[in-house]
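I am opening a notebook on a structure I have not looked at before. I will write down what I look up, one item at a time.

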Amino acid sequence: MATTFSLPPLPYAYDALEPIISKQIMEIHHQKHHQTYITNLNAALTAQSTALTSNDIPQLINLQQKIKFNGGGHINHSLFWGNLAPYGSSETDLESSAPALKGAIEAQYGSVQKFREAFGAALLGLQGSGWGWLVSQGPGGKLEIVSTKDQDPVTDRVPIFGVDMWEHAYYLQYFNNKASYVEGVWKVLNWRTAEERYKNGVEGPALLKL
């Protein structure tokens with residue numbers, strides 16, 4: 001029997017990220033977009049279970065892209081909600097919330113400002129839909145800025161934090177001004193969660209735990 005996933009609740013109110021990300025965007029993004037990935041993932045996993053029982057190899061092959069896309073959407077959004085924090089909260093303060101990660105960023109990129117510039121350039125350089133990530137090679141490992149297309153998840157490194165660059169993440173508020181969205185995200189980034197992922201990693205079921 002296939003595992004069934006459900007929509008995880010947000011760890012804050014829908015309006016908690018205002019004025020950076022509006023309540024309307026958060027409600028639609030969480031309740032509609034994330035829910036759709038979960039619904040489609042559950043359907044694909046059920047179909048996969050049936051195909052396994054009947055040894056339908058062509059169907060199993062056909063389902064892999066659906067599982068990757070919708071499963072990736074579920075993983076990515078679960079990570080995303082967890083790496084955001086209410087505007088003005090203590091978690092958004094890098095200095096107090098992520099001393100180890102801050103030190104690693106400064107050692108590798110020269111300064112936090114240079115890192116932000118490099119990360120922002122990676123986000124704005126994405127063509128079409130995708131995500132920008134700060135990852136490490138393992139707990140406390142070397143940092144790297146990477147991007148993934150569509151809903152491809154990060155599976156070979158530790159996803160410390162990611163930023164959703166699909167239009168549904170910002171368009172109702174920022175329209176085509178992606179740069180303002182990218183600049184604003186830093187004000188609601190949960191550095192405490194980032195520190196935890198950097199120091200201890202995140203894998204398996206923890207990818208879907210808020």
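The model I apply it to is predicted.

**Helix 2.** I looked up residues 57–82, which make up helix 2, 26 residues in all. From first C-alpha to last it reaches 37 Å, close to the 38 Å expected. I then checked for a bend and found one of about 30° at Leu 63. At the start of the helix, a side-chain oxygen of Asp 56 comes to within 3.1 Å of the backbone nitrogen of Gln 59.

I turned to UniProt, where an unreviewed entry places "Manganese/iron superoxide dismutase C-terminal" at residues 100–197. In the model this span is 43% helix and 21% strand. Its end C-alpha atoms lie 11 Å apart.

**Aromatic pairs.** How many aromatic pairs does a search of the whole structure find? I got 17. I noted Phe 119 and Trp 186, an edge-to-face pair with 5.7 Å between centres and 65° between planes. Phe 119 sits in helix 5 and Trp 186 in the loop between helix 7 and helix 8, so the pair ties together parts 67 residues apart in sequence. Phe 119 is buried at 1% relative accessibility. Trp 186 is buried too, at 9%.

Next I took Tyr 170 and Tyr 181, which are stacked, 5.1 Å centre to centre with 25° between the planes. Tyr 170 is in the loop between strand 3 and helix 6, and Tyr 181 is in helix 7. Both are buried.

**Cluster.** Last, I listed one aromatic cluster: Tyr 109, Phe 115, Phe 119, Phe 161, Trp 186 and Trp 191.

Key:
Residues numbered from 1 in each chain as written. Predicted model: local features only at pLDDT ≥ 70, side-chain atom pairs only at ≥ 80, totals over all residues. Heavy atoms only, no water. UniProt positions renumbered as here; feature names shortened; annotations may be inferred. Helix = DSSP H or I, 4+ residues; strand = E, 2+ residues; numbered from the N terminus. Expected span 1.5 Å × (residues − 1). Bend = angle between axes of the 7 residues up to and from the residue. Polar contact = N/O pair within 3.5 Å; in protein donor to acceptor, adjacent residues only side chain to side chain. Phe/Tyr/Trp six-rings, centres within 6.5 Å; stacked < 30°, edge-to-face > 60°. Buried < 20%, exposed > 50% of the residue type's maximum accessible area, 1.4 Å probe, protein only.
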